[in-house]
Every structure is written in structure tokens, then in C-alpha cells.
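Trainee: Could you take one part of this structure and go through it closely, starting from the whole chain and ending at a single side chain?

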Amino acid sequence: MTQVPPADLRNVAIIAHVDHGKTTLIDVLLRQSGAFRDNQRVAERAMDSNDLERERGITILAKVTSLEWQGARINIVDTPGHADFGGEVERILNMVDGAVVLVDASEGPMPQTKFVVAKALQVGLRPIVAINKIDKPDARPDAVLDEIFDLFAALGADEEQLDFPVLYGSAKDGWMAAEPEGPTDSMAPLFDLILDRVAPPTTEDGPFRLLATTIEANPYLGRVLTGRITAGSVAPNQAVKAIATDGSVIEQGRVSKVLAFRGLERQPIDAGLAGDIVAIAGLSEATVAHTLCDPSVTEAIPAQPIDPPTLSMTFRINDGPLAGQDGDKVQSRVIRARLLREAEGNVALKVSETGDKDAFEVAGRGELQLGILIETMRREGFELTVSRPRVVMQTDPTSGATLEPIEEVTIDVDEDFAGAVVSKLSERKAELIEMRPSGGGRQRLVFHAPTRGLIGYHGELLSDTRGTAIMNRLFHAYASHRGAIPTRHTGVLIANGEGQAVAYALWNLEDRGPMIVEPGDAVYRGMIVGEHTRGNDLEVNVLKGKQLTNIRAAGKDDAVRLTPPMKMPLEKALAYIADDELVEVTPQSIRLRKRLLDPHDRKRAARAGVAEMTGTA
């Protein structure tokens, strides 16, 4: 396989908000550069290789692809567009020398674009701006260009970064051009601009050095670390060592395989040269932010610090009566091994043991990241119970005050619903920072809101605005605690027996509140079957059938007509539960339950809690 000298290499990242079309753009670039054969079947959005990424239409893991254009090799890195996966973004930007900022021609730059662009400008990358979806009926390219310039200026871009080139086009239709009108024939202007504007990788003299930026566990090769070679070269069977940022040696070993990216495939190569992005297998302990190097090297490559986790959840075994009926991975040691494996490859995730041997504390960047981890484990056959997300607090070292994470929330909403959004968020202790029209009868509201107040707000926002609002969140800073935030104001209906829910019993209980189970669903004592209309919890019997007699009377045999139950997908369930409740997650179902299933245990715990609060314990 031909190796390309550093002068003919370009390493570039594509930065865009969720759904602004970057994975589609990469598909088109691969097609037009000849990376696919004419008769090759390629999945739409080829870079979203994970099932969950395809379903949700978002990029979770950063991936690398490579293509050739006029004799030069361009390595393209697809960055996640979501702040929850920002741990990936920061490390990826250390591998590249340029960035294409892709922006929707009608929506303009959004918060996650801002998040990644801020990181890119800090590293000193010179951006190329591509305004995509120019064919939309509500496209406003000139106004969007002004917004991008203002954003770059606000983020502290220098003169050179502000003098960015702009292309307009439509990735879906396969064209980019210097003018919005076209020509609309190909992506060649973007390829040429990347070769012209992005500098070849800077390499250093000396023995082999590489900063590991992503990690994955491969069933055949073991731990695979990807990064850009800063100096020297690496070949299979070469002796290397891994050192931490302070220079201490993590491990020594030999490289078993060197893989390079060619199209969407990773292929083994004889040697990786300075400047290229390669994946290395053979080490067992080295991880992200470690330097892989020749045994003679003593100094590590500096690595960027990673933003702290803001939310944590308790992952426990499923100890309910229905445990083990759906999934085959139910033991705490299996759950522990899976979580530790996830934490190995995902630096924004921290897993710690708790006092309870069957429970683990998992801290991450946000609800989306933790929700995706649970969904992935569920699909792998795990059964577990998880607690309500809690915010990771910090203490001010000087005053000793409690600090909580504050997020910058941007909401695009129709003008008619703006009042409802502002009042709901002010109840949740959010401050309105900015309010301005965003065109087409819509308003853009910017808030600084505590992370605590945003747990479970998304569903409420959609119902308040009839599904028209778009919400984006971004970690802002740690600030002083903003006081108590009201949570769910209703109680729940709890099943008092084990069996299958009966339609007649559910019909009789409809006055008590909406149900979340259907006739025929398996229920057990302590499981939540509905929402109580009042503030207290109520135990109910959902197993009671109709007493049949041989006496017939008018109206006796009316068909039972049930109101459809409330649907509880994973994200909604996690936000809905209170602190004394858990979500039971199995491959087939998602159930809500009380932490303590026995009613006498719950009463005892409630009395102990009251005694503790009044100081009479």
C-alpha cells in the first residue's frame, strides 16, 4: 500500500450541529473521490455505524475516514455534534490541522457548533465555513454568515481565523460552490479548498511518538488506540512504551498491528509515518491521553484536560421478582465488567464502587450520554435497575459553599409559546439571558439554567409548545447553588400483588389517575402501575377480575373501554421517577418500581426519614 509523505497529507475535522448534514457530506465526499466502487452497496449515512446513531440521527463516537484527491490523502474526522459527547471532541481536535465548520443555511450556528468551534479556536485551527442545505425554502445564507462571523468574534478568534473562506451548497445534492447560485456540479471546490487552506501536518524530528486520542476494544486485536504520529515511524513488532502526562511509565510492549484508514475500512500497513493518523494494537493498559513512544523517549506529549462529568446515576442489579426472565446478563460482576470496559473507552465517563456490593455509581456528561449507555447495555442482554440522575456538586475551596453545574440553554420556539417556556424555566431557577426574534415568527431564548432543573424538562417543553420547540444545551460553568427546585407533584399507584394486569381492574382504577401498564402486562408488588391524581402514593389491586354470576342484567356485560396508557420510554422514565424509585431496564421492557418493594419497609424508611429531618432519630 502506497504511503503518502507528510507534504501530501491533510488531517481535517468536520464540525457541525446535530442534523446539519455532516455525516451526509462525508458520504458524498467518499463517493465523489472514488473511495467506493461504482457497484458497492453503501448504507446511507455510512459514518453513523452504531445502531443507536442511525436511529437517533446523531453521531456519538468520533470516527476517521480517508480519501485521495489529486494525489494527496485527506484524513477526515467526524466529530460528535453533541455536548454530552464532548470528551471525544476535545481529544479529536489535537489530531487535525484544519476544520470544516458546516452550518445549516436556515438554522444558523447552534450551541453544539459553538461548543466544538470554541474548542477548535482554542487549539488554533483555521476554519473553513461551509453553509449547507442552501436548497431549503427558508434558507438565509447571508444572515447566517453574519451570525457565524459574530460567533467566531465572540469566541475570541484572531485575525487569521476571522478571515475564513466560505462555500455554499447542498451535501444531499452533492455540490459546493463559492457562490450560493452554484455551479451545482460537484464537491471539487471543497476538496481544493482543503488542500489549499489546511496546512500539512507538522512533524518533529526524533524517535516515534503518538498521542492516543481514541480507544476501542476489538475482540480480535484487544485494545486499539488511534492517534496522529507526531514524530518518527511505527511498524508491527516494534518495541514501544506508554507514558502518562507526568512522564511516568504505564507499560512497555510490542506493536502487534498498525492499521490505517482507507475509505471506511481500516487496513494493516507495513509502517505508519509521521503526520498520518493510525490505529495501534498490542498494548493492554495504555489509554486515551497517554503518549505511545519509543523506549528512549521520556517526555509526554501535552494532552488537553477534559471537562468534568456533571450527572451521576446508580446502576444496580435487577433484584425484582421478574429478574432473569428477559436478559441473560444479570449478575453484578458482569454489570461491573461491562461498565469498566465502557469507562476505558469513554473518558467522559467515571465508574466508581458504592457501599453496596451490587450497585455502581456512573458519572457522565449528561442525560443523553447515560441514556445511550443504558440503551446499549439493554440491547446486549443486560438487566439492571437505575436511579434518577443526580447532579455532581462541587465545593468552593475558598468559601466552602456548594457549587452546582449551570448550562447554557438555547430554545427556538414559536412566539405564541415563548411565555410558557419562560415561566416554566424560571420555576426551575433558570435566568433569561437573551431573547430575540430568529425569523419566521419564531423566537430564540437563551437561559442559564442549573442542570438539576433540566432533568426531564425536554418532554414537558415539547408538550407546552405542541412539539414546535428545539432545545439545545451546553455546559457553562459551576456556580453557587440556586436552592430547591420543585419536582413531580403527583404520587404514584403501586401494585399490591404479583400476576398479570386485568383490564377490568384497570378500568375501575381510571378515576385514580392515568395508567402506565396495559392488560396482560406482568406486574409485581411494589411496581408502579400508574400516576395518582393526588400528591400521595396509593397501593392498588390491578389483578382483580370481574366476579361472574349466572344472573344477567342490563349493562352488566358492557365492553371495558380503557384509556390508552402513558408511554414511558427510557429518557422519560429516568426523568419521571423520584429519589425512592428505580427504573428496571430489561431487553424487552422498561418498568418503574419503588426502591423498597415491601410496603412495610417503605413505611419504616419514611418514618426514619421524618425522624432524621426533625432531629428525633
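Mentor: The protein chain has 15 helices and 34 strands, taken as DSSP runs (H or I of at least four residues for helices, E of at least two for strands) and numbered from the N terminus. This is a predicted model, in which local features need pLDDT of at least 70 and side-chain atom pairs count only at pLDDT 80 or more, whereas totals for chains, interfaces and linings use all residues. Residues are numbered from 1 along each chain as its sequence is written, and side-chain values use heavy atoms, with hydrogens and water left out.

Of the 617 residues in the chain, 51% count as buried, that is, under 20% relative accessible area with a 1.4 Å probe and protein chains only.

Leaving aside neighbours within four places in sequence, the residues in contact with Arg223 include Ile215, Glu216, Ile280, Ala281, Gly282, Leu283, Ala286, Thr287 and Glu344, where contact means heavy atoms within 4.5 Å.

For the chain as a whole, residues 24 or more positions apart account for 73% of the contacts with a separation of 6 or more.

Terms used
Buried < 20%, exposed > 50% of the residue type's maximum accessible area, 1.4 Å probe, protein only.
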